[in-house]
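Subject: Handover of a structure

Dear colleague,

Please find below the structure I am passing on to you. My findings follow directly after it.

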Amino acid sequence: MSSQDIPEENLPAARDTGHGAVKVADEEHPFADPGLPPHEHRVQDIDERAAKRSERTVALLFTLSMLATIGFIASFVAIPVEKIVYIFPLGHVSALNVALGVTLGVALFAIGAGAVHWARTLMSDEELTDERHPIEAPSEVRSKIMDDFRQGAKESQLGRRKLIRTTMFGALTLVPLSGVVLLRELGPLPENKLRHTLWSKGKLLVNMNTDEPLRPSDLITGSLTFAKPEGLEEHDHGFQNEIAKAALMLVRIRPDDIKDKRTMEWGHEGILAYSKICTHVGCPVSLYEQQTHHVLCPCHQSTFDLADGARVIFGPAGHPLPQLRIGVNDEGYLEALGDFDEPVGPAFWERG
Ligand code: FES
C-alpha cells in the first residue's frame with residue numbers, strides 16, 4: 001500500500017506521542033501505531049497498606065533464604081557423609097546430599113522469588129519506550145545513564161524500604177558461604193603422606209591381575225603390566241589408600257631405545273617401573289603406545305615418554321612420573337631397591 005492509497009484525511013501532521021509511537025499514518029509511516037494502553041495503577045501504588053504487605057512478603061522470602069543457607073551449612077557440618085535415608089520415590093539416598101540440595105535450592109529460590117515479587121509489586125511499572133541508537137556512548141548518554149540509574153534506584157524504593165534492603169543484603173551475603181564451606185571437600189593437605197609408599201628395599205613386585213610375584217621372563221618386550229607390593233591384599237584395611245600411592249606400571253623396552261642413563265640404570269634389562277599415578281591431578285595413567293613408548297593419561301591427555309625417564313612431552317602435568325628403582329633377587333624375582341625417591345601423584349606445591 002502506498003501513501004497515495006491513504007485517504008487525505010488520514011494524513012495530518014501530528015506524529016509523535018512522546019513515546020516514539022506514531023498516532024496516525026502519514027507518508028513516512030503509512031501504518032498508525034495504536035500506542036500503549038492507558039496505565040493501570042497496581043493496588044500497591046495506591047494503597048500503602050498493600051505496599052507494606054508486599055514489603056513484608058519480600059523480606060520474608062529473603063529471610064527464608066538466610067535460614068536455608070544457615071541450614072545448608074549446619075547440614076554440611078552435622079550430617080555424616082555415610083548416612084543413608086529412605087525418601088519416596090527416590091529410594092535410599094545420601095541424607096547429606098538431600099539436605100544440601102534442598103537447602104541450597106530454597107536459598108537461591110527465595111532470593112529469586114523475593115526479587116521478582118519486589119519488582120512486580122513495588123518497583124515502578126511505568127511502560128517506557130526508546131528509539132534505537134548507534135552503539136556509542138558520548139558523555140551526555142553516560143550522564144543520562146547515571147541519571148536513569150539514580151532514578152531507578154529511587155523508584156525501586158531501596159532507600160525507603162529499609163526492611164527489604166537489610167534482608168536482601170543479608171541473604172546475598174550469606175548465600176556465597178555455601179560455596180565457601182564446600183571447600184572443606186577438597187580434603188586435608190597431603191603434607192608428607194605422598195612421600196612414602198609401601199615400596200621398600202627387597203619388596204617383591206606382584207602382578208596386580210594374577211597376584212603372583214613377577215620374574216623378568218614374565219614381561220615381554222613391548223608389554224605393559226601393573227604391579228603392587230608383596231603383602232598388599234585387596235581385602236586389607238586401607239588397601240585403597242595404599243594402592244593409590246603404590247600402584248606401579250611396568251614396561252619392557254629394548255635397552256637400545258632407552259634414552260637416558262639413569263632410566264636405564266634404575267631398571268633391569270629394559271624393564272622399567274614407574275608410578276601409575278599421574279602427576280597432574282592423580283588419575284591412573286594407562287594408555288600405552290608400544291611403538292613410541294609414550295603413555296597417556298586419559299583425564300587431561302598428559303603424555304609421558306617412558307623411554308626417557310617418563311618426561312612430560314605433552315599436557316598439563318608438571319613432573320615426570322616417579323621411577324622406582326628395581327632389581328632381581330637371588331631367587332630370580334623382580335624386587336624394589338627402595339621407595340620412590342620423590343612424592344607420587346599430583347605435583348603439589350610442597351614437592352621439591
Ligand atoms: S590427571 Fe593426568 S593429565 Fe590430568
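In this predicted model, the largest nonpolar core comprises 18 residues. Within this core, the residues with the most contacts are Ile253, Val285, Val295, Phe304, Leu306 and Leu321. Two strands contribute to this core: β5 (248-252) and β6 (271-275) each provide at least two of its residues. There is also a second, separate core, made up of 16 residues. Leu214, Ala246, Leu324 and Leu334 are among the members of that second core.

I turn next to the helices. Helix α2 spans residues 48-78 and helix α5 spans residues 162-182. The axes of α2 and α5 come within 8 Å and cross at roughly 20°. Angles under 35 degrees count as roughly parallel, and α2 and α5 are therefore roughly parallel to each other. Their crossing is left-handed. As for the residues that form the contact of α2 with α5, 17 are nonpolar, 6 are polar and 2 are charged.

Helix α5 also crosses helix α3, which covers residues 95-121. Here the axes come within 11 Å, and the crossing angle is roughly 150°. Since angles over 145 degrees count as roughly antiparallel, α3 and α5 are therefore roughly antiparallel to each other. The crossing of α3 and α5 is left-handed.

In an unreviewed UniProt entry, the annotation "transmembrane region" is given to residues 58-79, 99-119 and 163-183. In the model, the span 99-119 is 100% helix and 0% strand, and its end C-alpha atoms lie 30 Å apart. The span 163-183 is 95% helix and 0% strand, with 32 Å between its end C-alpha atoms.

Leucine 64 belongs to helix α2.

With kind regards

Key:
Residues numbered from 1 in each chain as written. Predicted model: local features only at pLDDT ≥ 70, side-chain atom pairs only at ≥ 80, totals over all residues. Heavy atoms only, no water. Axes fitted to C-alpha atoms, helices over the stretch in contact; angles between N-to-C directions. Helix = DSSP H or I, 4+ residues; strand = E, 2+ residues; numbered from the N terminus. Parallel < 35°, antiparallel > 145°, perpendicular 65-115°, else oblique. Left-handed = near helix turned anticlockwise from the far one by under 90°. Nonpolar A, V, L, I, M, F, W, Y, C, P; charged D, E, K, R; others polar. UniProt positions renumbered as here; feature names shortened; annotations may be inferred. Core = buried A, V, L, I, M, F, W, Y, C linked by side-chain atoms within 4.5 Å. Buried < 20%, exposed > 50% of the residue type's maximum accessible area, 1.4 Å probe, protein only.
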